[in-house]
Amino acid sequence: MSGLTFIHPVQRPDKVLGLKPHSDRSWITVFLQDELVEGLQFVKDEKWITVPVIPHALVVNLGDQMQIMSNGIFKSPVHRVVTNADKLRISVAMFNEVEPEKEIGPVEGLIDEKGSRLYRNVKNYASFNYECFQKGKVPLEEVKFHA
């Protein structure tokens, strides 16, 4: 699946987000950012960090499915897109996902010797993700085992 995103300029970029904070439902996402306009940000240590624009470079982001399958070894980062007052921002994203009818869960070889599974198995993660989004829930938290 792929997507072309247009983030239009707004008069008050401090009041309007281009895309709200989220993590991707995919196992991996590849972005081609606008070469002239920054806007992609990731949260780290509770601060938003802007991803610098490097012409012709790709940004690779691991998604929720990778975090589940790696039993939390790899993280699906929360990110957003901010607006700007002067310029249109265009980006292209390619999302790679497990086939909907396939069940995903932690790979057995990545579960530690104590047998600590952090996530339960889930089928059709895209649909599950959408349902959580509609209910205002975080999909990774909903699929996580809680002690």
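User: What stands opposite Q41 in β7?
Analyst: R80 does. Strand β4 (residues 40-44) and strand β7 (residues 79-82) pair in the antiparallel sense over three bridges; pairing requires at least two DSSP bridges between two strands. Strands are DSSP runs of E with at least two residues, and helices are runs of H or I with at least four, numbered from the N terminus. The model is predicted: local features need pLDDT of at least 70, side-chain atom pairs count only at pLDDT 80 or more, and totals for chains, interfaces and linings use all residues. Residues are numbered from 1 along each chain as its sequence is written, and side-chain values use heavy atoms, without hydrogens and water.

User: Which order do the strands of the open sheet have?
Analyst: The order is β2-β7-β4-β5, four strands with antiparallel pairing.

User: And which strands stand at the edges?
Analyst: β2 (17-22) and β5 (47-50). Each has a single partner strand, so one side of each lacks a neighbour in the sheet.

User: Switching topic, which residues make up the largest nonpolar core?
Analyst: Nine residues: I68, I104, Y119, V122, Y125, F128, C132, L140 and V143. A nonpolar core here is a set of buried Ala, Val, Leu, Ile, Met, Phe, Trp, Tyr and Cys residues joined through side-chain atoms within 4.5 Å, where buried means under 20% relative accessible area, exposed over 50%, and partly exposed in between (1.4 Å probe, protein chains only).

User: Which helix gives the largest share of this core?
Analyst: α2, with three residues. Both α2 (125-134) and α3 (139-143) supply at least two.
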